[in-house]
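Please walk me through this model.

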Amino acid sequence: MAFRRNPREEVGGLAQEVVDEITWYMREHKITRADLATSLGVSPGRVSQILSGDENLTLRTLGEALVALGARLAFTLGDAEGSASALT
């Protein structure tokens, strides 16, 4: 029997994937959380909240972080693994 994932888990998983990519980018470019905080004009604690994976990461916050990092985000939209069309 296949287990169905909770839609909230899917969204949380997406947010965690984005945070993981940002963290990887920062590590690769030797950018600290303090550096990012300075660039964003926020406290290092706020950056920790954003990068915790528990934060409700808005598109605005994500965009501000990407601009501060000098990075861009690319993604591909496709069918979920093993799922039938959600609208049929």
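## Report on the model

S48 lies in helix 3, which spans residues 44-50. With a relative accessibility of 30%, S48 counts as partly exposed. The C-alpha atom of S48 sits 9.1 Å from that of A37, a residue eleven positions away along the chain.

**Overall make-up**

This is a predicted model. The mean pLDDT of the protein chain is 84. Of its residues, 78% reach 70 or more. Helix 2 has the highest mean pLDDT, 97, among the elements of the chain. Helix 1, residues 7-28, has the lowest, 82.

The protein chain has four helices and zero strands. Read from the N terminus, the order of elements is α-α-α-α. The chain counts 88 residues, and 20% of them are buried. It exposes about 7,300 Å². Carbon and sulfur atoms supply 54% of that area. Residues 24 or more positions apart account for 57% of them.

**Helix 2 against helix 4**

Two packed helices are described by the angle between their axes and the distance between the axes. Here the pair is helix 2, residues 33-40, and helix 4, residues 59-69. Their axes come within 9 Å. They cross at roughly 110°. An angle of 65 to 115 degrees counts as roughly perpendicular, so helix 2 and helix 4 are roughly perpendicular to each other.

Which residues of helix 2 and helix 4 meet? Helix 2 brings L36, S39 and L40. Helix 4 brings E64, A65, A68 and L69. By class, this contact has five nonpolar residues, one polar and one charged.

A65 deserves a separate look. Its place is in helix 4. Is A65 buried or exposed? Buried means under 20% relative accessible area. A65 has 5%, so it is buried. Leaving out residues up to four places away in sequence, A65 touches L36 and L40. Both of these residues belong to the helix 2 side of the contact with helix 4. A65 and I50 are 15 residues apart along the chain, and their C-alpha atoms are separated by 9.4 Å.

**Two loop residues**

K30 lies in the loop between helix 1 and helix 2. Its phi is positive, about 55°, although K30 is not a glycine. Exposed means over 50% relative accessible area. K30 reaches 72%, so it counts as exposed.

G53 is found in another setting, the loop between helix 3 and helix 4. Its relative accessible area is 15%, so G53 is buried. What does G53 contact beyond its neighbours within four places in sequence? The partners are Q16 and V19. G53 and V19 are 34 residues apart in sequence, yet 6.1 Å apart in space, C-alpha to C-alpha.

**C-alpha pairs side by side**

The pairs named above are collected here.

| Pair | Apart along the chain | C-alpha separation |
|---|---|---|
| S48 and A37 | eleven residues | 9.1 Å |
| A65 and I50 | 15 residues | 9.4 Å |
| G53 and V19 | 34 residues | 6.1 Å |

**In brief**

The chain has four helices and zero strands. Helix 2 and helix 4 cross at roughly 110°. A65 is buried and touches L36 and L40.

Key:
Residues are numbered from 1 along each chain as its sequence is written. This is a predicted model: local features need pLDDT of at least 70, side-chain atom pairs count only at pLDDT 80 or more; totals for chains, interfaces and linings use all residues. Side-chain values use heavy atoms; hydrogens and water are left out. Axes are lines fitted to C-alpha atoms, for helices over the stretch in contact, and angles run from 0 to 180 degrees between N-to-C directions. Angles under 35 degrees count as roughly parallel, over 145 as roughly antiparallel, 65 to 115 as roughly perpendicular and the rest as oblique. Contact means heavy atoms within 4.5 Å. Ala, Val, Leu, Ile, Met, Phe, Trp, Tyr, Cys and Pro count as nonpolar, Asp, Glu, Lys and Arg as charged, and the others, Gly among them, as polar. Buried means under 20% relative accessible area, exposed over 50%, partly exposed in between (1.4 Å probe, protein chains only). Accessible areas come from the Shrake-Rupley method with a 1.4 Å probe; for residues, only the protein chains shown count as cover. pLDDT is the predictor's confidence in each residue, from 0 to 100.
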